[in-house]
Amino acid sequence: IYASYRGRSALTGEIIGVDPLSITVRNKQTGTMERKTMYCAVVVLHRVRIVIPAPEMWESGQERPDFVFLNMSGAVIDFIVTGVDREGGYAVASRRMAARAQRYYFSHRPALHREGSRITCRVLSVGPRRCLVECYGHDINLTQREMRYTAIPDLREEYHPGEELDCIVTGFDPEKDDLQISVKATQSNPFDGAEQRHPVGSRRYATIAGKYGGGVFCNLPDGTVCMCNYSYQHEDSEFQSGDHVTLVVQRFERDKRQMYGKILSKR
């Protein structure tokens, strides 16, 4: 059953774990087979155990740190079976080879890579501030700003490996094989109409989403983000992310598409 997968086109499966395993690999310098212990992604497909060694996860020069790899349990990936380890009782596969085929397919489909095209991406690994996604064989790091208009204190609370997200192509360079996408571009911008919903001088309830560069990002219930400072009687140490506050709307800057206010009190 293991051998039946070898030589077939790309398969798709969910990573059930990332473990250090002793496997037989080919030494690129000598061409000989040798036993090495390395981190491997483990996929079980139709009760068949398939392992993808760390070097076969990424293209050369695009390797990710171990902590990214270790947080990929639950991610759905494509892979091509390249061999069978009969002694270990599992098949060996390459995600790198499958991704290369996906990128070739993508580059020859103008309807997919045209700027503004709506496609999908898979979440591979999520950290507090960045999310690694795969889109037609391209591994792309997305920051919080590229995920949502609303400020998110910790992306791990909102996104998880294995999710499939809609996204918009914002740029593609076929010569460099460089793809840029945006997830938030699929959503409406809460700033639109905010001046009517939250006129200058109005008081609103909000939640502190984070602090940056001396300012405080506050999320209003409708998703509008208000960049705030504190009223004179308050200090930064009194407030933390997640606190519920009352703010007053002070101004709007249409060029920056940003709403500004002042925090009056903690609720």
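This is a predicted model: local features need pLDDT of at least 70, side-chain atom pairs count only at pLDDT 80 or more; totals for chains, interfaces and linings use all residues.
**View 1. Five strands make an open sheet.** Read across the sheet, the order is β8-β7-β6-β9-β10. The pairing is antiparallel. Which strands lie at the edges? They are β8 (138-143) and β10 (178-182). Each edge strand pairs on one side only. From one strand to the next, the twist averages 50°.

**View 2. Helix α2 lies across the sheet strands β6, β7, β8, β9 and β10.** The helix covers residues 95-107. Strand β9 spans 164-173. At what angle does α2 run to β8? The angle is about 85°.

**View 3. Strand β14 pairs with β11.** Here β11 takes in residues 203-212, and β14 takes in residues 244-253. Their pairing is antiparallel, over five bridges.

**View 4. Strands β14 and β15 form a hairpin.** Strand β15 holds residues 258-266. Eight bridges join β14 to β15, and the two run antiparallel. E253 stands opposite Q258 of β15. How many residues sit between the two strands of the hairpin? There are four. R257 is in the turn, and its phi is positive, at about 50°.

Notes
Residues are numbered from 1 along each chain as its sequence is written. Side-chain values use heavy atoms; hydrogens and water are left out. Two strands pair if DSSP finds at least two bridges between them. Axes are lines fitted to C-alpha atoms, for helices over the stretch in contact, and angles run from 0 to 180 degrees between N-to-C directions. Contact means heavy atoms within 4.5 Å.
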